Amino acid sequence: MRYNFSAGPSPLPAAVIQQIRADLPDWNGQGASIMEISHRSGAFAGVAQQAESDLRQLLDLSDRYRVLWLQGGASSQFSLIPLNFAHQQPGGYVLSGHWSVKAWETAMYHGQPLQLASSAPDYTRLPDRDLWQTPADLAYVHVTANETIHGVQYQQSPTEPPAPLIIDASSDFLSRPPVFQRYGMMYAGAQKNLGPAGITLVIIHEDLLARCPHQLAPMFNYRTQADKQSLYNTPPVFSWYVCGLVLRWLIDQGGLEAMARINAEKARRLYAELDRDDFYRNPVLPAHRSQMNIPFRIHDPTLEKVFLDETADAGFIGLKGHRSVGGLRASLYNAVSLEQTQALINFMQQFRTHYG
Ligand SMILES: *Cc1c(COP(=O)(O)O)cnc(C)c1O
């Protein structure tokens, strides 16, 4: 049994790791591994097509969205978004934690993005929708679905956004059916909840694609990438293939409704433990708490070091908080089972009994 609560790169389903093992070194009778054949071969085209159709099935995605598999991580999208869409009007940013601030700061290299709302400096809640500024001429509204470091997550779509939503869904993508409605674009670096690092999924509506400027260089242009089926240059074939295995695994689990039920229960149990008394503490407004990344503190910070040492000895990994906020964090992505989550909670209860 693995107990991996890492925030990213994060655990893959054990069945997927086994499948990768079985497929190496001779994938699908090709006489070579998936890493060693042409990305333009019929065999690889099959992988790409299956991954896309499985993704469309899981998300019940309309034909008006295109699916792109890109490189550069979510961080590259922080630049590509303003380059593709903010050439005439500015983008608007809702700042709810570390990653949305990063997206906004990066957009400043390319123009003058507007800050629509912010929950600085603590980021223990989402900015109130009623308090957003809503200028008339926005190109898009950028939101971060789930703040991986601060543990803040949208539980419903913001009402009547003043421009198409562009959503950084890196850390809760496929954890449940998307809560956002009629978004223009959703993107996710794979290494949190979809697959290995090195590939980034972009789901983009045709109406937004039509706005990508022709003079923008092809690698950075969403329209070229769509026209070329994400094969403008050599894609990260191995990461793409593993994402395909994860998508298949999700369908076998019963799809996103089934994942949503398990993920909600995992989070409910862990928050119940954190809220039991003052020993552990999560600072986020309960209605805005993340089901995926749960940061927490122990009332006496010196005990946090002890907690990390003792959990490491007990076989738990990835529980250290992000260096920018400190403390502890448990990430409960799809590949983390209810049993593994309960094992952590049991450990936490023993720890409290011993040191409380
Ligand atoms: C991890 C993360 C990023 C950065 O992803 P990279 O793929 O490393 O660029 C951006 N946004 C969110 C919400 C994240 O969790």
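## Strands that pair

Two strands count as paired if DSSP finds at least two bridges between them. Strands E11 (residues 280-281) and E12 meet that condition, with two bridges in the antiparallel sense. Please keep in mind as you read on that this is a predicted model.

How much of strand E12 is buried? Five of the six residues in E12 (residues 293-298) are buried, so the strand is mostly covered, given that buried means under 20% relative accessible area.

## Around the ligand

Now to the ligand. The ligand is surrounded by 13 residues, and the closest are Ser75, Thr148, Asp168, Gln191 and Lys192. By type, the shell divides into three nonpolar, eight polar and two charged residues. Helix H3 (residues 73-85) gives the most to this shell, with four residues.

Several polar atoms are worth a look if you are setting up the site. An N or O atom in the side chain of Asp168 is 2.6 Å from a nitrogen atom of the ligand. For Lys192, a polar side-chain atom lies 2.6 Å from an oxygen atom of the ligand. For Gln191, the distance from a polar side-chain atom to an oxygen atom of the ligand is 2.9 Å. Taken alone, the ligand exposes 390 Å², and the protein buries 87% of that.

## Thr200 in strand E10

Thr200 belongs to strand E10 (residues 200-205). Is Thr200 buried or exposed? Thr200 counts as buried because its relative accessibility is 0%.

A polar atom of the Thr200 side chain lies 3.0 Å from the backbone nitrogen of Gly73. Leaving aside neighbours within four places in sequence, Thr200 is in contact with a run of residues that includes Leu68, Trp69, Leu70, Gln71, Gly72, Gly73 and Ala74. The contacts of Thr200 also include Gln77, Ala188, Gly189 and Ala190.

Gln225 sits in helix H6 (residues 222-227). With a relative accessibility of 4%, Gln225 counts as buried. Not counting residues up to four places away in sequence, Gln225 touches Leu68, Leu70, Pro218, Met219, Ser230 and Tyr232. Leu68 and Leu70 are also among the contacts of Thr200.

Met259 is found in helix H8 (residues 255-274). Why does Met259 count as buried? Met259 does so because its relative accessibility is 2%. Its contacts, not counting residues up to four places away in sequence, are Leu174, Ser175, Trp249, Leu250, Gln253 and Asn334. Met259 and Leu216 are 43 residues apart along the chain, and their C-alpha atoms are separated by 39 Å.

Notes: Residues are numbered from 1 along each chain as its sequence is written. This is a predicted model: local features need pLDDT of at least 70, side-chain atom pairs count only at pLDDT 80 or more; totals for chains, interfaces and linings use all residues. Side-chain values use heavy atoms; hydrogens and water are left out. Buried means under 20% relative accessible area, exposed over 50%, partly exposed in between (1.4 Å probe, protein chains only). A residue is near a molecule or strand if one of its heavy atoms lies within 4 Å of it. A polar contact is a pair of N or O atoms within 3.5 Å; within protein, one must be able to donate a hydrogen and the other to accept it, and residues adjacent in sequence count only if both atoms are side-chain atoms. Accessible areas come from the Shrake-Rupley method with a 1.4 Å probe; for residues, only the protein chains shown count as cover. Ala, Val, Leu, Ile, Met, Phe, Trp, Tyr, Cys and Pro count as nonpolar, Asp, Glu, Lys and Arg as charged, and the others, Gly among them, as polar. Contact means heavy atoms within 4.5 Å.
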